[in-house]
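Open the structure in a viewer and keep the selection tool at hand. The stops below go from one group of side chains to a loop.

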Amino acid sequence: MVFLSRIADLIDALAQRHRLLPWLAAYALLLPLPFILSTFFNDYLIDLANRACLFIMLAVGLNIVKGFCGQVTVGHIGLYAIGAVTSAVLSLEPGGFGGALGFGLPVWVSIPIAVLVTAFAGLIVGLPSVRLEGAYLALATLGLGESVRIFIAVTPALGSSTGLMMIPAPSIGGYVFDSFTSYYYLVMTAAVVGIYFSFAILRSATGRAFQAIREDTIAASVNGINVVKYKLLAFVLSAIYAGLAGALFAHMPPGYLHHNNFTVIEMVTLLLMVVLGGIGNVWGGVIGAIVVTIAYDQTKDLVVYFMDRPIVIQPLVFGLSMVLLVLFMPRGIGGWFEGVQRNRRFIKRSEEKLGGAARNS
């Protein structure tokens, strides 16, 4: 607790000097992580760190529409799939394996186009929010997200059952990002920039409009906020994060995509990250993404045997975890830490007031 409070004080002190200083310090601290992991553990953990960075982008993006704006969506993984498949198809050479589409565009051209396509898809996914709310909106977005996966699964041009193979890795000059270590710097940079912009959105007039809609749609509308415009904007911003994460996932070593990467289980896992971290809390989403990515990886082979037959219980464990979290920790890790910080500031101010009163007497 004391350690976390001191970190928070250090961040505040750096931010008072310049708002970018905490971010540059965090970026510098993250630079040697691959060397630490490969030296003391193994290269597999670098791949796990890469996936954690992608999930951080997804969780931060989902927090914009769900946490900031209060819109219930469970189709975010479909947007992730659109970004991944679009970037892969655009960058693959024509005449690929299994009749897959390919346009042979450079990777650095494919990724921005994939993000734009996903942003447009986010606008489509957000349209039901104009008329629907709560569970009805969740069902609508779930249908849209799942239909994307099924469409990919039955379309040979998009990989179908075999998946998309030999997706090229990005390169700058002669340097190719084709290893876990080199790719780490790409996804880690994208994650840090994504978190920074998420805070910028939250503190802007747009972020305040999102929060007003989340608290009370009618009151926000009465106060002059264009509710439809800001709801759709939240979905588009969230889709940009998902599209970028998906595109980076497509080009990540070993350069292979399959529709099973975008199932409902992945969606539940993503929701668990946001719930565990704390809905509406940016840092909470980051912590939730890291914790759940590690937990998901470590429990993927979790099976029990019933009548000599193996039963995979990982989905059950994650489902129960979400129920228990909502029951006993509804504000997540981020909400808990905010409460601790609030109490600490209250005690500090009270002590200062009591000290001042004692000196005056």
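Start by selecting Trp 23, Tyr 196, Phe 197, Phe 199 and Trp 283, which ring pairs link into a cluster. Rings of Phe, Tyr and Trp (its six-membered ring) pair if their centres lie within 6.5 Å; planes under 30 degrees apart count as stacked, over 60 as edge-to-face and the rest as tilted. The model is predicted: local features need pLDDT of at least 70 and side-chain atom pairs pLDDT 80 or more, while totals for chains, interfaces and linings use all residues. Residues are numbered from 1 along each chain as its sequence is written, and side-chain values use heavy atoms, without hydrogens and water.

A search of the whole structure finds eleven aromatic pairs. Select Tyr 196 and Phe 197, an edge-to-face pair with 5.7 Å centre to centre and 75° between the planes. Tyr 196 is partly exposed at 22% relative accessible area (buried means under 20%, exposed over 50%, partly exposed in between, with a 1.4 Å probe and protein chains only).

Next, select Phe 199 and Trp 283, whose ring centres are 5.5 Å apart with planes at 50°, so the pair is tilted. Phe 199 lies in helix 8 (residues 180-203) and Trp 283 in helix 13 (residues 282-298), so the pair ties together parts 84 residues apart in sequence. Helices are DSSP runs (H or I, at least four residues), numbered from the N terminus. Phe 199 is buried, at 10%.

Finally, go to Pro 253, in the loop between helix 11 (227-250) and helix 12 (264-277). Pro 253 is buried, at 14% relative accessibility.

Note on methods
Helices (H or I, at least four residues) and strands (E, at least two) are DSSP runs, numbered from the N terminus.
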